[in-house]
2 protein chains.
Amino acid sequence: MAASSSKAHTCRPQERWKIALITGVVLIGLICHQGCEATDTDIALDAKATLNHRIQSLDLLVFVFLLALTVLTIWLFKHHRVSWLHETGLAVIYGLIVGAIMRYAGSSTPLVHMQVEPEGNPTYTDKLPPDTLWFKYPVNQTNTTKLPEGIKTYAYVFRGQVHDVDENEIDLKATFDPEVFFNIILPPIIFYAGYSLKKKYFFRNLGAILTFAIVGTTLSAFLIGGVMYGCAKLMPKYLSSSLSFLDTLYFGALISPTDPLTILAIFNDLRVDVNLYALVLGESVLNDAVAIVLSGAIQNYGEHYSNTGEFETTAFLRSMSDFFSIFFLSLLIGAAMGCFTALLTKFTRVRDFPLLESALFVLMSYSTFLLAEATELTGVVAVLFCGICQAHYTYNNLSEDSRQRTKQIFELLNFLAENFIFSYIGVSMFTFPKHHFDAGFIITAFICAALGRAVNVYPLSWLLNIKRKPKISTNFQHMLFFAGLRGAMSFALAIRNTVSDARQTMLTATSLIVIFTVIIQGGAANFLLNWLNIPVGVDDETEQLNNYQVHSSDGYLQDMEGGRGKTRISGGGTDGILDTPIEGANGSLSNGATGSHHHRRNSHEKAILARIWGNFDTKFMKPLLTHSRPTLLETLPNCCNPIARLLTTTQQLTQDGGEFRRVDSDSDICIDNDSVNGLTSQTPGGPGPAGGGQAPGRRNSLSRVSIRYTGDTHNLLASYRNIE
Amino acid sequence: MAASSSKAHTCRPQERWKIALITGVVLIGLICHQGCEATDTDIALDAKATLNHRIQSLDLLVFVFLLALTVLTIWLFKHHRVSWLHETGLAVIYGLIVGAIMRYAGSSTPLVHMQVEPEGNPTYTDKLPPDTLWFKYPVNQTNTTKLPEGIKTYAYVFRGQVHDVDENEIDLKATFDPEVFFNIILPPIIFYAGYSLKKKYFFRNLGAILTFAIVGTTLSAFLIGGVMYGCAKLMPKYLSSSLSFLDTLYFGALISPTDPLTILAIFNDLRVDVNLYALVLGESVLNDAVAIVLSGAIQNYGEHYSNTGEFETTAFLRSMSDFFSIFFLSLLIGAAMGCFTALLTKFTRVRDFPLLESALFVLMSYSTFLLAEATELTGVVAVLFCGICQAHYTYNNLSEDSRQRTKQIFELLNFLAENFIFSYIGVSMFTFPKHHFDAGFIITAFICAALGRAVNVYPLSWLLNIKRKPKISTNFQHMLFFAGLRGAMSFALAIRNTVSDARQTMLTATSLIVIFTVIIQGGAANFLLNWLNIPVGVDDETEQLNNYQVHSSDGYLQDMEGGRGKTRISGGGTDGILDTPIEGANGSLSNGATGSHHHRRNSHEKAILARIWGNFDTKFMKPLLTHSRPTLLETLPNCCNPIARLLTTTQQLTQDGGEFRRVDSDSDICIDNDSVNGLTSQTPGGPGPAGGGQAPGRRNSLSRVSIRYTGDTHNLLASYRNIE
């Protein structure tokens, strides 16, 4: 027909259709003698299954429309430069509205349940209830078939314990199995956090980040748990009796982690100071991991060890060792899988086929999650460290196409997942059947959450500031305190377990805290940044500069405005953010005259931990896992030469160092190796006087920096900032 | 710590850790007085839930590793240019191996079931069995708590009818709920098929494609159903008695659709003739849609209408009207959502934020599926037509970044989904518990499948060839017959319903047919293309040429080799593939002297259907939904000017036609509009003699073509070919 002329007159499809129809009818008429044994019950069951499927689709559709609406509104807000409400806040608000509509507008069909008992003489030989029940039900057959009035057997699958036998029918309107969050929604969010960590500043602030994340979160969890338990004694009887210390401790663990999404989106939009950015990002990413493992350990303690109801030191220690072993084994699995992917991409030429390469990348990352879950570790922690390794090693081996593709895919997944979870937080406030409002508990929870955050930030900052350079200024501390939004992880942990009144009250409190912090704190972040005089609109280069120069507030400002004209620092310039310069930066300038860049940077600038790791990474890990120079042939002792040759690719040997520099995704770690010399020699690094003539030295460092970082750190950053 | 100097000696994290630990211990010791009421049963249940989660993760992990392995092997095969086995075949083979290992190596824990009856005096007021059963079970409590030996109530959720009460325990090793295929695996595959349809050739061959897909599939389904039913009478008693004509008809419907994946991957790799490509792709994409609706209608007929067991004409007609209404309503919903997305992207500036834009695109496409499912239509059909509309309209409005991103994402999703389903077909041969081998049925099924395909291809080709120009040559017909691989859709439909012996036998037969056709036919396609002298290595431009020139095998070959030197036509040149030139092409050259390209192309070249649609599309749809010219201001009557102005964007008015041409994704449809004149006037289209001097005329058409098609058809094609 496609090529039939304008005068087509015979054998058009319609006629062929008729032929087919007639053939079909005749065939059926000739042969069909046998009917089906459908009963009324079958048809009703079928209709019910269809209805269930429709309702599920409808529920999901509501969320998808909600997300689409959020996307359009975000665009509108960005378009009109509205800053007092952020996208996650928007998702929550839309969720609340839709949840309220669903709650009060829709009618629900209650579930029918029936009490049953075993047939005949039951023998309970097993400790466990059976997996399935078989239930005979008389089938209601009204039509006139040959089949007798029959009894059919239906299978029922074990779901869980009924805690409140007098409970109303569970209304499952638009609620998801909580495990969905841990298995589908959180992994891409956490992986993307790891994959897009700004590694340079992350490693520079590693100590502070680890302190805040591990020590701070634990401290905050125990403090909140203790205080809440104390306060619970003053609460109504039914609550205080069902609230055990383990419960409040669990609450402490789940409310302690801060959420990276909102605050980072704002920081990104505003180009906030990079050290603050790294602190907040690193902390919030890691404390999610700490919180999930910690809450798991608390849960475990409750279920397995604390049988007598008394405090048991051995049980506590076992829980503690659980905590550490699970955390570090998960870390190990994640890192190992990341490195394995790097090896795969290095030693095969799969990069010739970007689609295959991207598929492999996604599959390996997902299998990390599954592997951790299958070995009873924590998948979310594993994917976090897998993401970090993928970004640190594998990313360098990928083809340009795959880099783009993997970044864009995970960016989109992350965006959809985070908006989904925040919409769901809003919707579930109204539709989730197991909320339990208790004003006293909620108010206490709010106070405790703030208290926990304060304990996390201020004392630890003070401790860190004893040795740390640059110090974390008071304004930074306030901002850190304020950046403690609670988010997806808290909610997911709270909704995971809602069996008791206590747990339901916790869920309600957590939901409210999340909603409040995301909308109010998220919305006010902008204003507060201004009020606390935290520099915004900072470029990468400026930040570099910021770190490498001798700190002098006046000169700093002058140079900023004169030399680059990009930074707008709000408020007085003497209100220095970094109170003291990095030691190494001092060295940089005093040693600048000698020209031995290599030596001075190596010896002073970085913390020991970062330096040891950096050396090891540059000498062994990177040459092994990526195409970077120096190769293992150069770094390994001579006796290992055959192995080193095996592990070194031709590409690695033939490329020149300069080109590699540019494709490397993070340069902070491998800053100490020799090839830096090759680069710095290109820059006009003339010796300058230490005091007054800072400018040439800085220009030098600046130009070197801009050469070194034109590569993929920029790309990553740019893609991260694409949201704006 | 990051900035601590090399001589850090106080307050290291370890010490802070200790402090935190001690604080925690003290706090717990002070406060913890209350234990948990964990019983042995609780702990055992918990352990069991954990185990189940581990097993699920492990199952999924097996598939993910399998996919990773497949990806690596595909790379190896491509790297070494192995062509006798294709990737989907590879996935199936790996699946078979792993399935066999899982079957014979692993031990499974059988499910425990218990027969129950209602407590007390049951009153069966409802037609339906209850949704949940509550079951009291004595809790086995061995530890010494204060709690008495208790009874707990557990909830059981309705699963389905037990058909065979004597059946062994269901072994659920590595099997998925069949609905997963329809809700998760198939939608991205089908959407991508629509999104990447090569629209130009698709519309040119629309008549043939529709005939093959709708008439052919129905014909084939009824034929297979009839023949199978006849043969079933010769089979063992237990099978023939359980095989109703509806069953065999259902089998006919599920085995009729052909799979686009494998054969198209091969065609893509080899750059096969584009008309053949379009026929195979269009047919296999559409017949999936036809088959799913047809099988649904057959199912419906069995369940709802055919109560008496006799053939009922009214019931049959109702089923037929079901079939058409579901098909066309699904089509409508898909198209409407696609157009709605186009409007959204046209009238907002969301394209300024590619992440938001891509998210919106994905969300709208997914909501099409959900909307169709929620309204009891067929989601898979809706996403297919949504994909076509998205490619036809929305794609033109997207930013460059979003085009890339959406193409790449759906390409990757499609790749993963198709490889997953083929791996699963392999694995499930061994692990799916409801296989039923019956040699007679399987052999008959193989014969019938081939027969059905033959009835689909040969008579319809003959019918089409009566009017069609260019005709479908005999070799093309053989290739079409041979390209009838069965795949994902057949398998998904077969595994959806496995309640009876007959259905289980069908599943086994379908699995075997899929495995056989994918491995054997897929592997031999290469060889066959060669043997049937079907041109491979054809470029887009060459194909254009192919269609526009006066057909003369010798001159064709000469020109090919002389002018472009790219086409390698295997076999004798006189063995013309297109037996007759397109009428319009004749006109093209004879009218070439007059220079009125516009008129000749408009009047002769295309089939009526395509022409009417093309005109309408260019005049109203494209101006409304995209930024294309002419605008509605030009095409609508004057009285509608205010509305037209409202629906026309500034961008549409200010851009020049030439630029638009380049960004338009498919140009065949809007070939008839005036702006073509603007372009052709740029090319040196001098009048040439009709006979001997073909070259200038063709060069002319060629250069115009290459201008017009430098846009996104190429991109789409390129991305589709990226797999190679």
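**Exercise 1.** At what angle do helix α3 (residues 87-105) of chain A and helix α18 (residues 501-531) of chain A pack, and how far apart are their axes?

Before the solution, a note on the model and its labels. This is a predicted model, in which local features need pLDDT of at least 70, side-chain atom pairs count only at pLDDT 80 or more, and totals for chains, interfaces and linings use all residues. Residues are numbered from 1 along each chain as its sequence is written, while chains are lettered from A and ligands numbered from 1 in the order in which they are written.

*Solution.*
Step 1. Two packed helices are described by the angle between their axes and the distance between the axes. Axes are lines fitted to C-alpha atoms, for helices over the stretch in contact, and angles run from 0 to 180 degrees between N-to-C directions.
Step 2. For α3(A) and α18(A) the angle is about 140 degrees and the axes are 9 Å apart.
Step 3. That angle makes α3(A) oblique to α18(A). The classes are roughly parallel under 35 degrees, roughly antiparallel over 145, roughly perpendicular from 65 to 115, and oblique for the rest.
Step 4. α3(A) and α18(A) cross in a left-handed way; a crossing is left-handed if the near helix is turned anticlockwise from the far one by less than a right angle, and right-handed if clockwise.
Step 5. On the α3(A) side are T88(A), G89(A), V92(A) and I93(A), which meet I515(A), V518(A), I519(A), G522(A) and G523(A) of α18(A). Contact means C-beta atoms, placed from the backbone, within 7 Å.
Step 6. By class, the contact of α3(A) with α18(A) has five nonpolar, four polar and no charged residues. Here Ala, Val, Leu, Ile, Met, Phe, Trp, Tyr, Cys and Pro count as nonpolar, Asp, Glu, Lys and Arg as charged, and the others, Gly among them, as polar.

**Exercise 2.** Describe α12(A) and its packing against α14(B).

*Solution.*
Step 1. Helices (H or I, at least four residues) and strands (E, at least two) are DSSP runs, numbered from the N terminus.
Step 2. α12(A) has 21 residues and reaches 30 Å from first to last C-alpha, close to the 30 Å expected at 1.5 Å a residue. The expected span is 1.5 Å times one less than the number of residues.
Step 3. Of the 21 residues in α12(A), 21 are buried. A residue is buried if 20 or more other C-beta atoms lie within 10 Å of its own, exposed if 12 or fewer, and partly exposed in between.
Step 4. α12(A) packs against helix α14 (residues 400-431) of chain B at about 70 degrees, with the axes 10 Å apart. This makes α12(A) roughly perpendicular to α14(B).
Step 5. L355(A), S358(A), A359(A) and V362(A) of α12(A) make the contact with E411(B), L412(B), F415(B) and L416(B) of α14(B). By class, there are six nonpolar, one polar and one charged residues.
Step 6. The crossing of α12(A) and α14(B) is right-handed.

**Exercise 3.** Is T406(A) buried or exposed?

*Solution.*
Step 1. T406(A) lies in helix α14 (residues 400-431) of chain A.
Step 2. T406(A) has 24 other C-beta atoms within 10 Å, so T406(A) is buried.
Step 3. Leaving aside residues up to four places away in sequence, T406(A) touches S358(A) and F361(A).

Key. Contact = placed C-beta atoms within 7 Å.
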